[in-house]
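Please look at the sequence and the model first, then read on.

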Amino acid sequence: MKNDRKRTFLLITIPILALFICFNTIPLIRGVIYSFTNFKGFGNYDWVGFRNYIDLFSDARVGKSYLFTFKLAIVTTIVVNVIALLLALALNSKIRAKSFFRGAYFLPNILGSLVVGYIFNYFFTYILPAVADMMGIRALGTSILSNPSSAWIGIMVVCAWQAIAMNTIIYISGLQTVPEDVYEAGGLDGATGWKQFRYLTFPLIIPFFSINMVLCVKNFLMVFDQIMAMTKGGPAQSTESISYLIYNNGMSGGQFGFQSANAVVFFIVIVVVSVAQMRFSGKKEEQL
Amino acid sequence: MIENKKINKTAMILLILGLITIAFPLYLTIVIAFKQPSEMTNSIGGILSLPKVWSLDNFKEAMRVTDFWHSLRNSLLITLVTVGLSIALHSLMGYALGRNKAHSKFYSFVYLFIVSGMFVPFAILMMPLAKQTAELGLANWFGVIVLYVVFYMPMNILLYSGYLVNIPIALEEAARVDGASTWTTYWKIIFPIMSPMHATVAVLTALAVWNDVMTPLVILAGSDENTLPLAQLNFQTQFGTNYNLAFASYLLSLIPILIFYIICQKQILNGVVNGAVK
């Protein structure tokens, strides 16, 4: 009987593990191997040692894509969390048609980000300039997506529009874990409004705040669909995210080897950022 | 606490205003999708006014241009098979790892090994995978499904083995005393008990697969196969400046998931929260 149990577990584990290794571990190792070659994606290739990695750090386009991606990730994360927290507080308060509102506010999250990107592309290209014209706002008279210094804001808005939905419901489920008597006790001590939020509510929902931070940063660092739909990295490569650059130049730009090195660095960056975030939020929770 | 029982007016106003930012892009999509190009004057009123006639011509044309039914069939097939396989395989694996990782070095290593796959960005896998799937003859919808089953494995195994902690092992031992094999015990007893987690996994996997662009883009490139999002991307050039046609096509691609959301809203919200908070 004991043997049957052991054998069954092994028979389950081995094939599924093999599948995982075959389509996750092996491509990962192959990616690392390619990063030491000058492979173009076809034909012969030579070993080049660490040259791709050295070139990576002096490549202006790669540097620019990291700057853009991090700027987008940080700003969007802040914007999303502030708005989501406000919305969650509103949705969790005494309101009419609560479930209707909650359902409606989650809607953006289920829509495909590519199509959402196309719709917003049209909005930024035609609607917003027309409205700005009517109101006499000169600065918005042309599409913000066609200007290298403002195109990232367009991307930010689209990313936020979809991500707020997700973060809001996570905050709502956090707020529901706060027992009512905490507020009653706090009310006796004079904690209302901002004070109540700062000293009572927020500390109690810190775990949910951590989840949202980790989710947001990781998703936005990997941003791709929205770029594909709205700017294709332009104008003047000002909105090229790391994923988009790897896809574009690696798959069709003849830089298979070089972009593999970029992908390896990107992988390390993701791991470092995620681990750092978890450490940091772990500490914060301990303190409380 | 009589005060608290009153409707929070500030919150209501904020929420109603906020709703406009959600409704407006959808309104825009609907009115443009139904209009004819001649109705789209350059003024804002021309774009935003309701169409003169609610005609389905744009949709018929968009279906023809983007081969809608074919892409819909591919998307449905890929999503349903991926969800089915994920529930069957990931729950089994979650069970095998969850029951053994506490007392076995091998299983706890396999668990950590697979779960840490969550940190691997698709960007590093996509170039080698494009080559590998082509070599193995998997550059088709079946290959895409295999990849999804692998990509969502870390997350789903984490969820399943986490849920398993709450299921007492005594249940299995009782079945064993009755002479049931581990395999039978799993399918007869453990699998049904895990149904709340199956719902969560199904929702999360289905939403992620249905809307994914990158995997089919990389794997199906060059074949005639499209998924719904991929069709929007591939036919973008054919719409040209006929935005009415383009928006009809966008709306068509959003309708299935909207219907699904309206029917299963509660399950979707629960699933998403469970998945994130666990």
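This is a predicted model: local features need pLDDT of at least 70, side-chain atom pairs count only at pLDDT 80 or more; totals for chains, interfaces and linings use all residues.

## A salt bridge between the chains

The side chains of E172(B) and R5(A) meet in a salt bridge, with 3.1 Å from N to O, where a salt bridge is a side-chain nitrogen of Lys or Arg within 4 Å of a carboxyl oxygen of Asp or Glu. R5(A) lies in helix α1 of chain A and E172(B) in helix α10 (residues 170-177) of chain B, so the pair joins two chains.

Residues are numbered from 1 along each chain as its sequence is written, chains are lettered from A in the order in which they are written, and side-chain values use heavy atoms, with hydrogens and water left out.

## The interface

Chain B and chain A bury about 8200 Å² between them, 80% of it on carbon and sulfur atoms; buried area is the accessible area (1.4 Å probe) that two parts lose on being put together, summed over both. Of the area that chain B buries against chain A, L15(B), F119(B) and M127(B) supply 9%, more than any other three residues. The contact, meaning heavy atoms within 4.5 Å, takes 96 residues from chain B and 90 residues from chain A.

## Helices across the interface

Helix α1 (residues 2-34) of chain A and helix α8 (residues 141-151) of chain B have axes that come within 9 Å and cross at roughly 100°. Helices here are DSSP runs (H or I, at least four residues), numbered from the N terminus, and axes are lines fitted to C-alpha atoms over the stretch in contact, with angles from 0 to 180 degrees between N-to-C directions.

On the side of α1(A) the contact is made by L19(A), F20(A), F23(A) and N24(A), and on the side of α8(B) by V146(B), L147(B), V149(B), V150(B) and F151(B). By class, this contact has eight nonpolar, one polar and no charged residues, where Ala, Val, Leu, Ile, Met, Phe, Trp, Tyr, Cys and Pro count as nonpolar, Asp, Glu, Lys and Arg as charged, and the others, Gly among them, as polar.
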